[in-house]
Amino acid sequence: MSENRNILVTGGCGYIGSHTVIELIHHGYTPVIADDFRNANRKVLEGFNELLSFVPEIHEMDICDRKAMKALFASKKFHGIIHFAADKAVGESVENPLKYYHNNLEGLNVVCAMALEFGVFNFVFSSSCTVYGEPNGVKEVNESSPKSQPGSPYGNTKLIGEQMLADVHNAFPKFKVMNLRYFNPVGAHPSGALGEFPIGKPNNLFPFITQTAIGKQECLVVFGNDYPTTDGTCVRDYIHVCDLAESHVKALKFLENQSGNCLEYINIGTGRGSTILEVIQLFESRSGLKLNWKFGPRRPGDVVEIYANADRSRDVIGWQPKYSLSEAIDHAWQWEQRIAEIR
Ligand code: NAD
Ligand code: UD1
């Protein structure tokens, strides 16, 4: 590795970013965070302190602010960039698409422009399995599986983001790009020091389960029971957030070893799908609680069944998940109980 270990982590105070910051430090990198806390809770600073006994360097700024970003890049030499900062609420993106096209694409545009201007050529992008859209007839998708249109403006920004990065790479082949297509990140740090702080009513399954179990939500509604799956409920590939965090370190190390001309797409999932009922049953058996849930209508736009073909993550960047779904559930539940105390 070169001497310079500074990694710009945009959105590093968010759910996935905060776990990645810890992982970077454990691997000898120096994360420098740019985050304006629009979707982060300042309690994350306590989590950093608890785990590291210090708080990493944080620049509280909007990454779309070109002037502020230029000043940051001028003041610090970066070795690589992990670009998390984006808005991610699917429903909101349908109601307010321009917010998403602005933040997710202008943000990426500014970060890329700075990377080129200041010669930072290792770039990791937070993409999503949403780029596959509804995988027609295929359940296990690999990186070259045919794509249909993503189901939301949010999903479109990820697909367009990948295309933007490919175009920039083609124009400047020294600019090395790793697109990580996350499946469903879940769980929390095993220490209980970090996790997700969903704002308002959660849209995602895991926080809804744990908030129901703790009494913050009355009842989990399972969206649809008549899908063509083993038990009629949708199938997803749930990946522990710490495993996901580690994949970013592997991706960076991979990029460092490429001399140039590197444009990669890698699924980050376990390779295993679980139905919603399987997740509920596992939650009940791990927590010893009876969850209040009922079936409701299908959620419009839901993909029926998708999970990762995880061969490339193993073969190209040497990454494999370590945590089981049971552990992800344990950690998510531990985290929910912890934030109930501090709320
Ligand atoms: P998050 O909202 O917890 O984290 C994003 C962070 O970026 C937040 O701390 C927010 O304050 C910050 N941010 C957003 N816009 C910013 C801006 N303009 N300037 C400065 N800071 C800004 O989200 P997350 O779950 O950690 O997701 C991280 C990335 O991974 C996102 O790009 C998301 O689209 C992608 N992703 C997430 C999931 C998921 O299920 N969580 C799945 C696939 C892909
Ligand atoms: C959602 C987004 C996707 C995004 C991903 C991030 C939609 C349509 N898709 O995907 O773009 O990349 O989050 O992780 O929103 N469920 C319930 N009841 C609930 C909540 C969820 O039954 O209260 C079900 C959903 O219908 C789905 C499964 O649980 O079948 C997982 O849902 P969720 O956590 O929202 O993730 P995705 O649908 O995979």
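What follows is my walk through the two ligands, in a model that is predicted.

**Ligand 1.** I began by listing the neighbours: 26 residues surround ligand 1, with D35, N39, F84, N103 and Y154 the closest. Next I checked polar contacts to its oxygen atoms. I found a polar backbone atom of I16 at 2.8 Å from one oxygen atom of ligand 1, and a polar backbone atom of F84 at 2.7 Å from an oxygen atom. On the side-chain side, K88 puts a polar atom 2.7 Å from an oxygen atom of ligand 1. I then looked up burial: alone, ligand 1 exposes 820 Å², and the protein buries 95% of that. Two or more shell residues come from each of α1 (15-26), β5 (122-128) and α6 (153-171); β5 gives the most, three residues. I noted the make-up of this shell as 13 nonpolar, seven polar and six charged residues.

**Ligand 2.** Here I counted 20 residues around the ligand, and N184, V221, R236, R299 and D302 come nearest. How far is the polar side-chain atom of R236 from an oxygen atom of ligand 2? I got 2.5 Å. The side chain of N184 has an N or O atom 2.8 Å from an oxygen atom of ligand 2, while for N203 I noted a polar backbone atom at 3.5 Å from an oxygen atom. For the shell, I have β8 (184-186), α7 (205-214) and β9 (220-223) each supplying at least two residues, with the largest share, four residues, from β9. My tally for this shell reads 12 nonpolar, five polar and three charged.

Conventions
Residues numbered from 1 in each chain as written. Chains lettered and ligands numbered in written order. Predicted model: local features only at pLDDT ≥ 70, side-chain atom pairs only at ≥ 80, totals over all residues. Heavy atoms only, no water. Near = heavy atom within 4 Å. Polar contact = N/O pair within 3.5 Å; in protein donor to acceptor, adjacent residues only side chain to side chain. Nonpolar A, V, L, I, M, F, W, Y, C, P; charged D, E, K, R; others polar. Areas by Shrake-Rupley, 256 points an atom, 1.4 Å probe, with all protein chains shown as cover.
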